[in-house]
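Colleague: Can you take me through the salt bridges in this one?

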Amino acid sequence: MAACSILRCSSKLCQNTLQNPTGPLQHYPLNRSGLHSDSFLPAHGLCSSICSSHVPNTHKNFPSKIPTITPRAQAGNPISLFFPQEEENDDFFSDDVIKEECGVVGIYGDPEAARLCYLALHALQHRGQEGAGIVTATDGILHTITGVGLVADVFDESKLNKLPGSSAIGHVRYSTAGSSMLKNVQPFVAGYKFGSLGVAHNGNLVNYQTLRARLEENGSIFNTSSDTEVVLHLIAISKARPFLQRIVNACEQLEGAYSMVFLSVDKLVAVRDPHGFRPLVMGRRKNGAVVFASETCALDLIEAKYEREVNPGEVLVVDKDGISSLCLLPHQQRKACIFEHIYFSLPNSLVFGRSVYHSRYTIGEILADEAPVDCDVVIAVPDSGVVAALGYAAKANVPFQQGLIRSHYVGRTFIEPSQKIRDFGVKLKLAPVKAVLEGKRVVVVDDSIVRGTTSSKIVRLIKGAGAKEVHMRIASPPITGSCYYGVDTPSREELISNRFSIEDTRKFIGADSLAFLPLERLRKLLAHEAPTFCDACFSGEYPVPPRELKIKRVGDFVDDGLNGSVESGWTETPKEQVLGPAGVAS
């Protein structure tokens, strides 16, 4: 879910610019005004049944156009010309991992809706750790509590007691830098002519800037830097009747990825975009309460039985009369995010109708077939690399052991000793087990390589523990393009696989060998469903053309803690980088 526009900075008082190989990155102030609008947009029609037909995807094979980077003179292998030395920037914060941005929950018909929502959000905590919120409805009033931090930090018994009602929606977010301000934490609640409405959103709208500019021209005032607020404005100004058609009218104007839950005083509504980029499932508790969630692991924790996915383009309405199903038009071919199976979702979840555990285990087996190597032990970069490593070890008939121990108790801040420790951030997060690694030929399985700086530190850490050889095996194809559908990825020029061969990448990270999951093997694993998955970050084939891009550069974002700066913010994308010569995404 998009948290900031490309012209907004995370630091309210920032007067500086970031320097990078392509030039200065400008900072801009945030808009801090209010929310309501009286402007007008025409209403559209409503489809009353789920459509099974699909429109073939027509946006494929966009050519790349990457601006030339002037290398900085620097000794060592040629890749170091494009990346800063590790010692120059070894803070705890880093953008060298891919991050999911949020998880959503909706519950209708349970007297303990707030507490169940709280537990379900806890199960989805891996999808976002920067903020959490819950909205409940009772007696014609929406009650809301939001806060910055983990679910358990935001809510306690006294706060949950202030959230009465039998229906609720909730949200956890991984925010971009600066957007963990309280005003940007969802669910959002807005009052308009016909009452109050809450919304929680997972995804990213690629036409957010166009919609926001049009709304502001007509007098709308925005209170946050989130694309989700646009949805509330579109609903408020719609002239459609009834309320449900207002939601459909708003969604028909959205482009990109969105899995959303809405709460009014008497209805719970779940919506998924026509491509179905982000997951959204439905389940039911024994008492008949209906539950929506980003992953089935949330259903499991609150003892709700999984029933089905919310279909791409579908609108599900739950109220006192039961469940109604509608659809958005036009339908497109489903393009579910493949990274949900590679990295984002928990292994115990069922996502897009497939077991995440089974997908990762099979990927590990494929890696062992495709890139065998003589080794003594297989280890994983925890946590997302563990299941693939188990599959690799089983197929290669080599023991799997815990060679890296992850600390789950590293906070958002730390005090570094005055005598600088090399790779301080990664050492806080991962501890090598010398008894497993010393004198061994080690295969290390990780989910992905983004900029390569984290992988180089991990290789150095393992060799420092006495490993004789380190062979990296990556459970995804090389990432060569940014994601514009709700996943936090760096810009293309920062993706090491976009610029360098596998061999040059191997030299940069310092491994004895390096192999990725071949894209063709990943598609073969998906079999007949392969065309229904989005793999644009590997292939460059974008189902929805990105045209108002929020591009991230080195150090722009907070992640799980290896390097980078928390003070950086959004930057404006050069037009020539957004569109190629034929007007298609670069």
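Modeller: What follows covers the salt bridges and their surroundings. This is a predicted model, where local features need pLDDT of at least 70, side-chain atom pairs count only at pLDDT 80 or more, and totals for chains, interfaces and linings use all residues. Residues are numbered from 1 along each chain as its sequence is written, and side-chain values use heavy atoms, with hydrogens and water left out.

Colleague: How many salt bridges does the count come to?

Modeller: There are 20 salt bridges, each defined as a side-chain nitrogen of Lys or Arg within 4 Å of a carboxyl oxygen of Asp or Glu.

Colleague: What does Glu340 form a salt bridge with?

Modeller: Its partner is Arg127, with the closest N and O atoms 2.9 Å apart. The pair links distant parts of the chain, 213 residues apart: Glu340 sits in helix α8 (residues 339-344), Arg127 in the loop between α1 (113-123) and β3 (131-138). Helices (H or I, at least four residues) and strands (E, at least two) are DSSP runs, numbered from the N terminus.

Colleague: Are Glu340 and Arg127 buried or exposed?

Modeller: Both Glu340 and Arg127 are buried. Buried means under 20% relative accessible area, exposed over 50%, partly exposed in between (1.4 Å probe, protein chains only).

Colleague: Switching to helix α4, how far apart are Arg212 and Glu216?

Modeller: They are four residues apart in helix α4 (residues 208-217), so about one helical turn separates them. Arg212 is buried at 1% relative accessible area, while Glu216 is partly exposed at 31%.

Colleague: And what about Lys267 and Asp266?

Modeller: Their side chains form a salt bridge at 3.6 Å, N to O. Lys267 is partly exposed at 22%, and Asp266 is partly exposed at 41%.
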